[in-house]
Amino acid sequence: MSDKIKFTIDGVEVEATPGQTIMQAADEAGVYIPRLCAHKDLLPFGSCRVCTVMVNDRPQAACTQPVSAGMSVESETEEIRQIRVNLIEMLFVEGNHYCPFCEKSGNCELQALGYRLGMLAPKYPYMFNKHDVDASHPDIYIDHNRCILCARCVRSSKELDGKNVFQFVGRGIHKKVAFNSDTNLGATDVSVTDKAIENCPVGAILKKGVGYSVPIGKRMYDTQPIGSDIEARKATAK
Amino acid sequence: MAKPKIATASLAGCFGCHMSLLDIDDRILTLVDLVDFDKSPVDDIKKFTGRCAVGLIEGGCCNEENVHNLQYFRENCDILISVGECAIMGGIPAMRNTIPLKECLDEAYLNGPTVYNPSGNIPGDKELPLILDKVYPCHEVVKMDYHLPGCPPSADLLWEALVALLENKPMDLPYEVIKYD
Amino acid sequence: MAENLEKAIREICELNGNDHTRMMDIVREVQQRFGRVSSEAMDFIADAVNSHRVEVESVVSFYSFLSEKQKGKFVIRLCNDVIDKMHGVDNVAQAFREELGIDFGESTPDGKFTLEWTACIGMCDQAPAALVNDKMITRLSTDSAREIIKSLKANGDENRLTHLLGDGNNANLLVNSMVNNNIREEGPVIFAKLDAGKALHKALAMSAVEVIKDVKTARLRGRGGAGFPTGMKWEFTRAAEGDEKVVICNADEGEPGTFKDRVVLTERPDLMFEGMTIAGYAIGAQTGVVYLRAEYAYLRAFLESVLADRRNNNLLGNNILGKEGFNFDIRIQMGAGAYICGEETALISSCEGLRGDPKNRPPFPAQKGYLANPTSVNNVETFCCVAQILDKGAGWFAEMGSTGSTGTKLLSISGDCTRPGVYELPFGILVGDMLEKAGAENPYAVQVGGPSGQLIGKADFQRTICYDDVATGGSVMIFNEDRNPLEIAHEFMEFFCEESCGYCTPCRAGNELIKERLEVIMKGEGTPEDLDYLEQLGKTVAVSSRCGLGQTSPNPVLSSLKNFRGEYEKLVKENKDGMQRTFDIHKALATGEELQGRKSVIYAD
């Protein structure tokens with residue numbers, strides 16, 4: 001293909017199609033760049049900042065930054081690793097993440113990034129802010145304690161479900177996900193089959209009646225770090 | 001040469017982390033060769049008999065006795081380790097941290113649906129340690145040197161970490177042993 | 001009541017074309033009429049403009065001048081920025097509390113008064129200041145605070161509060177304000193006379209490309225702070241694909257300590273509108289928008305009258321000054337209290353009737369801005385420079401200032417000085433000379449560029465004010481030796497925490513963590529390691545934040561750590577015994593002791 005362009009990630013040459021983001025090109029090339037808000041089926045959002053990379057020595061989010069020929073991207077440097085760990089730790093102390101009893105544990109992307117990046121415990125103080133739980137819907141419950149404000153539900157509902165169930169209200173540390181209803185989630189037109197429910201990366205939006213369905217040891221990130229599927233593409237390519 | 005000493009404590013925890021320590025199976029024989037156990041529920045030694053190399057702390061601080069005990073450990077141990085989620089972030093007991101203490105105690109001793117308490121008092125007997133306004137992670141009370149996550153941390157994690165510490169080697173923990181649940 | 005509400009909302013939405021992109025105007029109007037945008041109102045609005053109620057709620061909950069909760073008839077917003085605090089706002093606040101019997105954040109039971117704190121309202125040269133609804137009250141004292149309440153109670157009209165009018169156009173009937181301009185030094189660009197239409201006339205005699213070339217030759221850079229070359233921005237916007245193009249004037253002057261645009265809007269609106277019209281011609285736009293911060297609503301009627309005059313004189317409208325096919329008009333878009341909306345993409349979001357969240361770049365506004373049209377957003381002062389450049393020549397402009405920073409700069413100077421106010425000074429002036437002009441008294445620290453700028457000390461007083469050295473969008477705050485750099489930094493961190501939009505992790509959570517640790521150090525409970533912690537944390541926030549707010553929000557701490565490290569070092573102590581000084585067992589036990597009905601034996605005093 002003659003319309004391909006070339007750039008480097010950590011010094012290794014990668015091919016890309018013009019118009020792709022750095023993350024899309026990296027994924028195709030089997031190079032995993034950590035991310036939380038980004039999702040393959042959703043438009044880039046750029047809120048978690050975990051995919052921060054240095055592009056020609058300037059920080060950019062890999063999920064929103066388009067590729068250009070000859071650009072030099074740094075991803076796996078110690079400096080960037082530290083920034084990513086710091087961001088993950090911020091999310092852990094900002095919410096109330098009780099992994100030991102969370103149904104998402106083992107399949108949670110936030111937790112998995114903590115594992116992958118080697119976080120043993122956050123160095124920041126826990127905020128212990130009060131957040132609500134909404135269990136008004138017969139099939140779904142939302143625990144705002146675990147929400148990382150990635151907007152996957154907001155975007156999935158709009159972009160994939162053709163609904164408008166979720167949106168953010170408030171700002172700063174008081175920002176939270178609200179529902180398109182004057183009362184609670186139960187009064188919205190959300191459905192348990194909505195992509196908005198499935199695409200939550202953490203245990204903030206869960207289906208009722210499922211519980212701890214996969215035994216410890218067999219869960220998604222028990223033995224394989226997050227991103228292994230993408231990195232496997234590189235092995236296949238070679 | 002005298003063997004280094006280890007001490008352990010369970011503060012606001014469930015003893016699950018101690019169980020996990022015992023879960024190292026026959027490696028416990030190697031451990032006994034490497035160290036002596038000092039103050040610990042394992043051997044029921046109540047007071048430090050001397051300076052310890054390592055103190056393993058399970059549980060966070062939910063009452064004054066936890067704080068006192070933790071400070072006692074800090075004074076007597078060279079290295080203190082938060083073992084498990086409760087020590088690290090308060091764990092399950094810390095779920096009360098977003099609720100005012102009065103509301104918690106009222107629910108537990110006065111208003112809860114299964115409460116029978118004709119006196120209408122919240123227990124305050126001298127034998128009961130006074131409760132803190134919230135559950136504090138250990139490192140908010142004293143300086144903690146290391147954190148080993150998990151609920152409980154796996155026996156392998158505890159073993160790897162202890163051996164590395166005792167042999168003065170860097171902790172090179174395999175992916176599978178770091179878990180927060 | 002419910003019926004009235006519905007009817008009123010239908011009317012308001014109808015007036016705004018039932019257009020959801022005019023959400024700001026709709027919710028502002030509802031707020032003004034009903035003192036709130038209630039849950040019920042959100043449903044009516046969503047229905048009228050064919051949106052979703054959660055989208056309306058999202059907007060209402062974002063801006064500090066909008067609320068779901070009922071506000072009093074008179075909302076008193078007292079400015080609590082660092083300069084106001086230095087000028088005794090705490091005493092003024094106490095007077096308000098006593099007079100009304102309520103605390104800040106509360107309303108009186110009769111529904112008449114609401115008392116609130118607000119961030120910088122652009123009156124640092126006449127602090128303490130407050131807004132009573134849209135009315136600006138300056139130079140407050142405890143006495144005047146009490147009088148204000150008495151007058152409002154007696155007359156029920158905030159317009160009867162002003163007795164003495166300010167200078168210049170502040171005394172214009174349409175402004176009718178006690179605000180003073182405090183113009184201390186007039187320079188050759190902003191304050192030089194220029195008849196309305198003169199520069200525009202010259203511009204229209206040239207081709208659009210030549211106009212842009214002039215602006216480039218003058219090497220004009222954006223006056224808002226970032227300093228992007230204006231001509232280049234216009235060139236990109238002109239070249240971008242799109243039939244509709246838009247010129248936006250950023251009059252959301254919110255950087256604490258900045259008030260120069262207030263003076264330009266009051267005294268030089270024609271110059272600004274002229275520059276905007278020239279921009280419209282240069283990039284091929286028909287639409288101009290002035291985004292005016294809610295705090296400056298008192299200037300709106302006056303600005304509208306200037307626009308009307310310009311329309312009457314064919315300086316706006318169709319075939320402007322006889323130029324066939326050049327149609328351009330300007331509308332004013334009011335903000336609703338959000339500092340982030342000074343960031344150009346957040347400003348565009350707000351103009352579109354959304355939360356003031358910044359947008360992802362690319363695409364840049366020049367490619368896809370307001371309603372996806374190519375858009376050039378420029379500062380109030382930048383447009384004024386443009387008009388003068390077109391009149392007096394690019395060469396004339398480029399000769400002033402320094403090589404990388406041509407022309408003059410408006411500075412808003414406040415704090416510990418005898419002559420606070422607005423100064424038009426050539427770029428390249430020494431910080432020390434600037435301080436002398438302002439009558440700085442024993443300057444110890446100077447915050448240049450507002451909270452997002454730098455806190456500099458005496459060692460930097462020999463440096464120059466320009467884009468390549470000590471850069472500023474206009475804010476200069478002077479602090480004498482009695483002031484504490486840590487307290488200053490803390491004020492600014494509170495500001496950033498309050499104003500973060502919350503979109504990205506580092507700015508939303510990171511700033512809270514910086515503030516927390518700064519407080520620990522200020523209480524004397526910090527350790528030397530906390531200084532490294534702050535530097536690492538600050539760096540993460542600066543590097544990984546999504547927009548300029550987050551990228552600069554750690555500056556108060558990082559620059560004071562660099563320039564006033566000794567102030568930090570004298571507060572921190574090594575932790576030798578391993579006990580955390582931040583942990584207070586007596587405080588932790590206080591509630592338990594009360595509820596369990598006994599004192600601690602273990603921790604008896």
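Visitor: Before we start, how are residues and chains numbered or lettered here?
Guide: Residues are numbered from 1 along each chain as its sequence is written, and chains are lettered from A and ligands numbered from 1 in the order in which they are written. As this is a predicted model, local features need pLDDT of at least 70 and side-chain atom pairs count only at pLDDT 80 or more, while totals for chains, interfaces and linings use all residues.

Visitor: OK, chain A. How many helices and strands are there?
Guide: Chain A has 6 helices and 10 strands. Those are DSSP runs numbered from the N terminus: helices are H or I with at least four residues, strands are E with at least two.

Visitor: And why is chain A called as compact as a globular protein of that length?
Guide: Because its radius of gyration is 19 Å, close to the 18 Å that the globule rule gives for 238 residues. The radius is taken over C-alpha atoms, and the rule is 2.2 Å times the number of residues to the power 0.38.

Visitor: What share of chain A is buried?
Guide: Of its 238 residues, 50% count as buried. Buried needs 20 or more other C-beta atoms within 10 Å of the residue's own, with C-beta atoms placed from the backbone; 12 or fewer is exposed, and in between is partly exposed.

Visitor: Switching to chain B. What's the order of elements?
Guide: From the N terminus, chain B goes β-α-α-β-β-β-α-β-α-α-β-β-α. That comes to 6 helices and 7 strands.

Visitor: How much of chain B is buried?
Guide: In chain B, 43% of the 181 residues are buried. The C-alpha trace of chain B spans about 60 × 35 × 30 Å along its principal axes.

Visitor: How many residues does the contact take from chain B and chain C?
Guide: There are 21 residues from chain B and 20 residues from chain C. Two residues are in contact if their C-beta atoms, placed from the backbone, lie within 7 Å.

Visitor: Which element of chain B gives the most to that side?
Guide: Helix 3 of chain B does, with 5 residues. The side of chain B that touches chain C divides into 11 nonpolar, 3 polar and 7 charged residues. Nonpolar covers Ala, Val, Leu, Ile, Met, Phe, Trp, Tyr, Cys and Pro; charged covers Asp, Glu, Lys and Arg; the others, Gly among them, are polar.

Visitor: Last one: which domains does chain C get?
Guide: Domain 1 (2–60), domain 2 (74–163), domain 3 (185–398) and domain 4 (408–483), with bounds from an automatic or database domain assignment.
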